[in-house]
Structure formats: C-alpha cells, structure tokens
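Open the structure in your viewer and keep the selection tool at hand. The stops below say what to select next and what is there.

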Amino acid sequence: LFRSLSASLLCAAFVSIMDNLENIFDSWDEDGSGEITGSELKEVLCNIGLSKEEVDGIFQDMDKDQSGAVDMDEFLAWLKQGGGNVLDCVDKVEKSGYGVIPCLGGPEGSSGHMELQKIQEIFNVPDPYNLGSGRDVRTREKYNKLIVTRAWQVVSADQACLYDSAKKVMRRAMKRLKQDKATAPREVKTKLDGPGHFFGLNAASNEKLMLHGTKPEIVATIIQNGLDEKFSGGLFGKGAYLAEDPSKIDQYCTPDPGPGSSEDVDALHQLIYPDGNHPGRVFYAFIVRVMLGKSVHTKDGEKCCHTGEPIWINEDKRVLCEVPGTNPPVHYDSLVGEMGEVIRRHREFVTFDGDKTQVEYLVAYRREWDDSVDMRGKTVALGAGDMRERGGDAGGSGGAEGPAGPAPEPVVPPNPWTQPSEPGGPPSQPDFCPKCEGKGFSHDLQTMPHDTPEDCKCFFCQDCYVCDGSGYDPGEGKRGQPNALSCFGAQAAQMDAMMNGMMQQATQQTMSAMKHHEQMMQQSAQMMEIGR
C-alpha cells in the first residue's frame, strides 16, 4: 500500500508532495465530502486485494477520533505513523532521487502491523531441509528458520517512472495476445500469490512478487539502480534471476560484515541505519515486483516444455523466441525454469528487461535454529496447542502458507559479528548426519560416477536413508536402516550385482565370438590349401 502511495508521490518528478497527497485523499473521497468513510476505503483497498477485515483494521487505525470518518489531518497523521515519518523520508528521496522508508509496524490490526506480518509470511520457509544446502550456498551453518528483523520500503523516482511506463506497454501487449486463444497468456501461479494480494498486484500484466538475495556490498547499488539484467546470467540466460522460495535466495546471501569492513557496506549502513542502531549479524534480500507477461516454460534451458521448440533467438541467450502464431511477431517476456531435469528443488524466474522489475522492499533477516521445527517441513508438537502447519510441499505451485502471526522481536546477540556454529555452540543444534555429512543425500551406486559437484545431487543420488533427507543426525535409535524395499543402498547393491553379472556374461559372449571367429579363419585357410 505504501509503495503505491510512494509511487504516486515520486512520479511526475515530485511536482508537489502536498498536492499529490491531496489528490490521493480526494480520489479516495468519492462523494467529495472532505472525509473518507469506511465504505469508501473498502471500495479502494478491496479492489487491490485486501480483505474486508484488513481494511477495517486500517480504517480503525486512521480514524483517531472514532468519528466514523477520516479527515485530511487524520489521513496525514496515519501516513506518518504507518510509514515511519513517511513525509520526511519522501522529502529526502526528493533530493537524492532514491531512498528507503523504514517499516515500523504498529499496534495489532494496524496497517503497519499487517505490512510486517505479510513480509514475515513471505520469509516463512516451508522446506527447512533445503536451507543451507546446494552448490550455490555462500556460507554454511546450521539453521532452519529465517526471522525478519528489519524491513524498508525501497523508493526510487527513476525506477518508479520506468516501471509504470513498462506496465502500460505490457498491458497493451497482453491485451493483443488475449484476442487469440492460441496465444492468450496463462497466469503463472506462485507460492507468494497469497501474501502478494496484500500489495495490490496487477493481474493484467501478470504481475508477481518475487525474492532476490544478494551480498551486503551491492545492496545500496540495487536500491539506487534496481535490478540490472546486463550484469547477471546463468543456466537460463543473461537476465535478472528471481525466486519464489526463501530457501533458494538465501543461498546467495552473505552476512553483514559490520561497520568499517568496506566503503560499500558503510554507505549501506548510513542509508538504512542513520541512527547507528544496527541489529547485528543479519542477511539482506529484496522483495521485488516483476511483470512476467507471457512466460515460456523450460526444464533444460534450451527448449519449451509445451512445444519442444528452442526458446532463444540466438546463442547469446539475451532475447527469448517469438510467441508462435503472432503476427507481427511478439517475443516472450519472461522465462520460468521448471523442476525436472537440470533443477531439482526450486523453480527459477528470469526476466530480460530490468524495467519490468520494481524493487519493493529491502529485508534484513537472521538465520536461527528452532528445535520445534521438523526438518521435513512441519512443526513438532511441544505441548497442547503448539502444533501448527508450516506449509505445503516445496515443489508445489500456487496457494500460500497459513498466517504467519506478528514478526518476532529482534534479538541482538552479545557479539553481533561472531559466526555461528562455533565449537561449544548451543547444544540444541544437532550434529550433521554421519552418512551424508549434512548434504541430505548420498551416492550409493558405485558402478555409476558422481558427475556433479560434491554438494549437488547427480541423477543417481537419493535422499539419505539415515537422516531421511534432513542432513542432521536424528540420534541413536532414530536412524533409518537399509532394507530391500525402501533403501536405495540395497537397490544399489542389487544393481551392482546385476551389472557385474551382465559384464561377466558380455565377457563370455565376447570370448565365445572371438573363438568362433578364430575357428572360421582356420577353416578358411584349410579350404584355400585344398583349392591349391
């Protein structure tokens, strides 16, 4: 909600802050009475995806005198309270062209409280067993939760204007594609669709909320310039990579090294911690708006899942192919990397035009270990009323996790820059699995080579039967045992025996063929002698 307000304030080169605020107020005041009623507020906010209960909480927070209507003074007071003195922040942004507005929360039921609640919901991890694993992991440690400690709304005048312009172009292109059933775009369902409704996503452009993880040294650059597709690339081409799973983007995040570590980090601290109140050892990630438009789906990064045709116009992998049946030609807008071939755990989303992304929030979060979290994805019951679901399968699409509740208060460790998992650390953190050494999988088929990096599954790797794929030692008496029905180790032994048998049989057949060939050669020689 504050992002849409800030975009309205920042576009048109910040002509007049108060004039724009009055225009927003007047647009919500449909009957022109000079006050916003509860029904008028619902008419506006329910249309951008908020529930009636959420709007009632916002209205209660705005209507300080409980008169049943909100005047201009109450509107401004609510704006300052909910956005952490939004007007002062916008005034700073007006001078520099970019900046951040801290999300300070508020009393339960207020808009600020719901904003932080939705941000924490986005960072709830339905697949804790995937945290800290994978070949792209930058720092390895023991943890199974991501806890949001701070959040800032990112505001950039230039990026807001570019994004709004790109959205208008996208709407026209999508409207043209929808005229033909064969080329009509399909909505891409994501795991963040649930909390995404709170932020007023635009369905006409297939707008979605996504996540992007990075290191502290380049956070300030992204705040100022947004995501730039020219400086990133990977298996799915040279574009801006995004994800729907916090466990995916967490792989690329490194901890804040602390004050004085580098000029880039110090510049970031001045931007987001002007009062010097640093939360300690945290990681940074962005919540990003992206217009997916017409997406092409691929499993191997080369061919479309649906048509089997190549997805690139050339080997440079910067521009996607044309949508079949369009005349004049229209290119796909984005790429969805589906699981099944080259990726096993998380889908990836790639856009090849940075103007189709808008950085929405910067989030600082901690990595924590919670004994109550079952590493298979559910919370262990600690007592009456303590059981709660953590969400669906990590590989599913669409839907959303359940309510996350208010974000926990940040806890600053005594030494905020100390790396976790030191010798003599918290006893509640279990040791890594003795078989898979924390990877969660093992390669038991000795006749086939492991042809990927050590910490990445190959085709023949299977979930470790000792720890049930969690990567952590379940303790004596709880470790899985090999068995002929379910253990891949037993299947591997059977496969080894079968392969050895086949090799012996092939060797015998080869020897027999060679002996037969030798006999035939001898008979031919004898026949030639007789002929002479």
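The tour goes from strands to loops, then to cysteines and a cavity.

**Before you start**

This is a predicted model, in which local features need pLDDT of at least 70 and side-chain atom pairs count only at pLDDT 80 or more, while totals for chains, interfaces and linings use all residues. Residues are numbered from 1 along each chain as its sequence is written, and side-chain values use heavy atoms, with hydrogens and water left out. Helices (H or I, at least four residues) and strands (E, at least two) are DSSP runs, numbered from the N terminus.

**Stop 1: strand 5**

Select residues 207-213, which make up strand 5. Seven of its seven residues are buried. Buried means under 20% relative accessible area; exposed is over 50%, and partly exposed lies in between (1.4 Å probe, protein chains only). In a regular strand the side chains alternate between the two faces of the sheet. Colour Glu207, Leu209, Leu211 and Gly213 for one side of strand 5. Then colour Lys208, Met210 and His212 for the other. Both faces are covered.

Two strands pair if DSSP finds at least two bridges between them. Find Lys208: its bridge partner in strand 7 is Val290.

Step back to Asn206, in the loop between helix 9 (193-196) and strand 5. Its phi is positive, about 55°, although Asn206 is not a glycine. Is Asn206 buried or exposed? With a relative accessible area of 4%, Asn206 is buried.

**Stop 2**

Zoom in on strand 9 (residues 334-337) and strand 10 (residues 348-351). They run antiparallel, joined by four bridges. Ser334 stands opposite Thr351 in strand 10.

**Stop 2: the loop between strands 8 and 9**

Select Lys317, which lies in this loop. Its phi is positive, near 60°, in a residue other than glycine. Pro328 is in the loop between strand 8 and strand 9 too. A cis peptide bond, with omega about 0°, joins Asn327 and Pro328.

**Stop 3: the cysteines**

How many disulfides are there? The count is zero, taking a disulfide as a pair of cysteine sulfur atoms within 2.5 Å. Select Cys305. Its closest cysteine sulfur, in Cys304, is 6.2 Å away, too far for a bond. Cys305 is partly exposed at 35% relative accessibility. Cys161, at 30%, counts as partly exposed as well.

**Stop 4: the largest cavity**

Select Val154, Ile222 and Val359, which are among the residues lining the largest cavity. A cavity is a set of points on a 1 Å grid over the protein atoms alone where a 1.4 Å probe fits but cannot get out; lining residues have an atom within 4 Å of a point. The largest cavity holds about 50 Å³ of space. Strand 11 supplies the largest share of its lining, three residues.

How values were computed:
1 Å grid on protein atoms, 1.4 Å probe; cavity = no way out; pocket = protein on both sides within 12 Å on 5 of 7 lines; lining within 4 Å. Points joined across faces, edges and corners; volume = space filled by probe spheres on them.
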